[in-house]
Amino acid sequence: ITLAPEGGAHQSSITPSIGLELPGLDYAEPAYARALDWMLCDGLRRLSDPDGTSLYLRLSTRPIDQTPFEDLAGRGDPDTLRRDVLAGGYRLSEPHDRPAEVVLATCGPVVTEVLDAARILAEEGLAAVVLDLTSPDRLYRGWRRTLRSASRSVRPAAPTFQLARLLAPHERHLPIVTVHDAASHHLAWLGSVFGARVVPVGVDEFGQSGTIPDLYRTFDLSGDQIVNAALVAVG
């Protein structure tokens with residue numbers, strides 16, 4: 001629905017759910033320009049690998065403030081950030097004065113509303129960590145490979161996949177709110193990784209027309225509505 005002003009002819013040719021399911025293709029939806037640059041260069045490189053994959057980028061024409069990502073890159077190690085982006089996700093925002101009480105996991109242009117929600121929650125005394133999932137596909141496949149390898153060798157699955165690197169052990173059972181301009185079920189699997197409660201927010205109907213803010217409110221994607229979803233999750 002973020003592409004509503006462009007009309008249906010500019011909609012994505014496949015859904016994120018189909019993108020995640022197709023073998024030999026990595027679906028990605030970075031929100032920030034530098035992350036897109038990294039994903040595109042990596043995608044071109046993988047085309048030359050004997051066992052490489054194609055890259056499907058689901059993008060939007062909505063202008064996004066680049067400051068949160070650039071500030072994050074300036075504070076930390078750009079190489080580590082690039083590794084996380086290419087692996088499927090990174091920690092975009094987190095509380096600094098107290099432990100997180102809820103995880104907000106998002107993908108694509110709705111990252112702006114999720115950051116607004118995290119700010120409102122902080123003002124209300126609820127600490128949230130924000131995960132920007134640049135490629136839910138790569139994130140899922142990394143987890144799936146770990147489970148498959150463990151089951152084939154009949155041994156415990158070590159938490160070496162990317163989501164385990166993004167969430168500290170004490171954060172892995174926190175409630176999760178998933179927010180995406182796509183079917184709500186697409187990110188709902190995140191809760192099954194560590195057995196966490198999930199409140200999925202997404203677009204489960206189509207045919208509506210209007211401005212982006214109007215459509216976001218229709219599908220509970222505005223900042224204050226995401227706050228409400230977080231309160232439901234922790235409650």
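Helices here are DSSP runs of H or I with at least four residues, strands are DSSP runs of E with at least two, and both are numbered from the N terminus. By that count, L47 sits in helix 2, residues 33–47. What you're looking at is a predicted model, in which local features need pLDDT of at least 70, side-chain atom pairs count only at pLDDT 80 or more, and totals for chains, interfaces and linings use all residues. Residues are numbered from 1 along each chain as its sequence is written, and side-chain values use heavy atoms, with hydrogens and water left out.

**Salt bridges across the sequence**

- The structure holds 16 salt bridges, each one a side-chain nitrogen of Lys or Arg within 4 Å of a carboxyl oxygen of Asp or Glu.
- As a rule, side chains of opposite charge can pair when their charged atoms come close.
- One of these bridges joins the side chains of E113 and R62, at 2.8 Å from N to O. E113 lies in helix 5 (residues 111–123) and R62 in the loop between strand 2 (54–57) and helix 3 (67–75), so the pair ties together parts that are 51 residues apart in sequence.
- E113 is buried, with a relative accessible area of 10%; buried means under 20%, exposed means over 50%, and partly exposed is in between (1.4 Å probe, protein chains only).
- E171 and R91 also meet through their side chains in a salt bridge, again 2.8 Å from N to O. Here E171 is in the loop between helix 7 (162–166) and strand 6 (176–180), while R91 is in strand 3 (residues 90–93), so this pair links parts 80 residues apart in sequence.
- Both E171 and R91 are buried.

- E123 pairs with R119 in a salt bridge whose closest N and O atoms are 3.4 Å apart.
- The two are four residues apart in helix 5, so about one helical turn separates E123 and R119.
- E123 is exposed at 60% relative accessible area, whereas R119 counts as partly exposed at 43%.

**The network around D42**

- A network of salt bridges links D26, D42, R45, R46, D49 and R138.
- D42 is found in helix 2 and is buried, with a relative accessible area of 4%.
- The side chains of D42 and R46 are joined by a polar contact of 2.8 Å. That term means a pair of N or O atoms within 3.5 Å; within protein, one must be able to donate a hydrogen and the other to accept it, and residues adjacent in sequence count only if both atoms are side-chain atoms.

**Surface patches**

- Patches are built from residues with over 30% relative accessible area and no salt bridge, joining like charges within 9 Å and nonpolar side chains (Val, Leu, Ile, Met, Phe, Trp, Tyr) within 5 Å.
- L40, L44 and L47 make up a nonpolar surface patch with about 300 Å² of accessible area together, with areas from the Shrake-Rupley method and a 1.4 Å probe, counting only the protein chains shown as cover for residues. L47 is exposed at 54%.
- R144, R145, R148 and R152 gather in a patch of positive charge on the surface. Lys and Arg count as positive and Asp and Glu as negative, leaving out His and the chain ends; the place of a charge is NZ of Lys, CZ of Arg, CG of Asp or CD of Glu.
- R152 is in helix 6 (residues 136–153) and counts as exposed at 67% relative accessibility.

**F206 and I1**

- F206 is found in the loop between strand 7 (198–201) and helix 9 (212–218), and is exposed with a relative accessible area of 80%.
- F206 and I1 are 205 residues apart in sequence but 8.3 Å apart in space, C-alpha to C-alpha.
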